[in-house]
Amino acid sequence: MKSFNELGHIALGTALRQLAAQVSKDAENTYAKFGFAIEPKWFPVFYVLASKGADSVVNIAKEINHSHVSVSKIVKEMKARDLIESYKSSDDSRVTLVALNDKAKAMVPKMEKQCDAIDTAMRELKDETGIDLWEAVSVVERHLRYRPISARVDGDSPDIKVVDYAPKYREAFKSLNVEWISKYWELEEPDFKALDDPEGYILNQSGVILIALDKGEPIGCCALIKQADDTFELAKMAVSPKAQGKGVGLLLGKSIVERAKLMGLKRLYLESNSVLKPAICLYEKIGFKPIKGASSPYARCDVQMELLFK
């Protein structure tokens, strides 16, 4: 057997715990350098309140992706340190809002200087290592959220599989869509917004992009674009002509619907065109029904459909 230090990926959990402990410990040194006298674990709550002013614990928890219990505990600790004040909302007396008090607001300039310095330090680390740590962590987290490592070690490795978007698929996502849209129409302004900046327009707005791979080569894609908290648009579905007839569209459709269920969505919406009869049949097959919706931003749209989840 190999020594423990030679295990590599197999010892990933241990390595991540050690890295997290190292970063957390060093955060205390960084905070001390700037005289930013808060506990590092309070930073997400402090930052949100510094950015937005008053807000409820529920909304803060949602924004920083923490549990309600965790945020409540942090708020209590910050109150005990005389950094937070709370009061009833003037719009709804049932809602309690929390905000930074004057003492905490006076610390915001120190926080801003610290954030700028850390950003510079991380850019330097990227130049040294060739790795953007934040991007790497974000991409891996997104890929493991709905398909964890335990689901990847069952020995099943089909030729065609569906994976979450990563930056290396940016050009494929765009080219696959440009190819099929250009076959029938011209690209429109909403197309460019999504295809030129998929991270900003889709992923950073809680959206999803799935990529179909055939032996590692991107051959199809689709996306969920946020419209409201519980309604997303199924959009940007495209399959390479050389992969048509392999069931890629159906695989993508089923995968994106399953992802929507896991996200707890109530409704999916899509727009299409009546000339795309195979696509419309596919949408009906995975549960979509035609509707008369609001005016579309796309000139090519003459079909609207929805899928409601119980």
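This is a predicted model: local features need pLDDT of at least 70, side-chain atom pairs count only at pLDDT 80 or more; totals for chains, interfaces and linings use all residues.

Which exposed residues does the face of helix 13 turned away from its buried side carry? I found Lys277, Pro278 and Lys285 there (exposed is over 50% relative accessible area, buried under 20%, partly exposed in between, with a 1.4 Å probe and protein chains only).

Residues are numbered from 1 along each chain as its sequence is written, and side-chain values use heavy atoms, with hydrogens and water left out.

Back to helix 13, residues 277–285. I listed its buried residues as Ile280, Leu282 and Tyr283. Looking down the helix axis, I see them fall within an arc of 155 degrees, so they line one face of helix 13. These buried residues pack against strand 6 (231–239), helix 12 (248–262), strand 7 (267–272) and strand 9 (303–308). After helix 13 comes Gly287, with a positive phi near 115 degrees.

Next I checked a helix pair. Helix 3 (residues 57–64) packs on helix 4 (residues 68–80) at about 115 degrees, axes 9 Å apart. That makes helix 3 roughly perpendicular to helix 4 (the class covers 65 to 115 degrees). For the contact (heavy atoms within 4.5 Å), helix 3 supplies Val57, Val58, Ile60, Ala61 and Ile64, and helix 4 supplies His68, Val71, Ser72 and Val75.

Methods. Axes are lines fitted to C-alpha atoms, for helices over the stretch in contact, and angles run from 0 to 180 degrees between N-to-C directions. Helices (H or I, at least four residues) and strands (E, at least two) are DSSP runs, numbered from the N terminus. Angles under 35 degrees count as roughly parallel, over 145 as roughly antiparallel, 65 to 115 as roughly perpendicular and the rest as oblique. The arc is that of the directions from the helix axis to the C-beta atoms.
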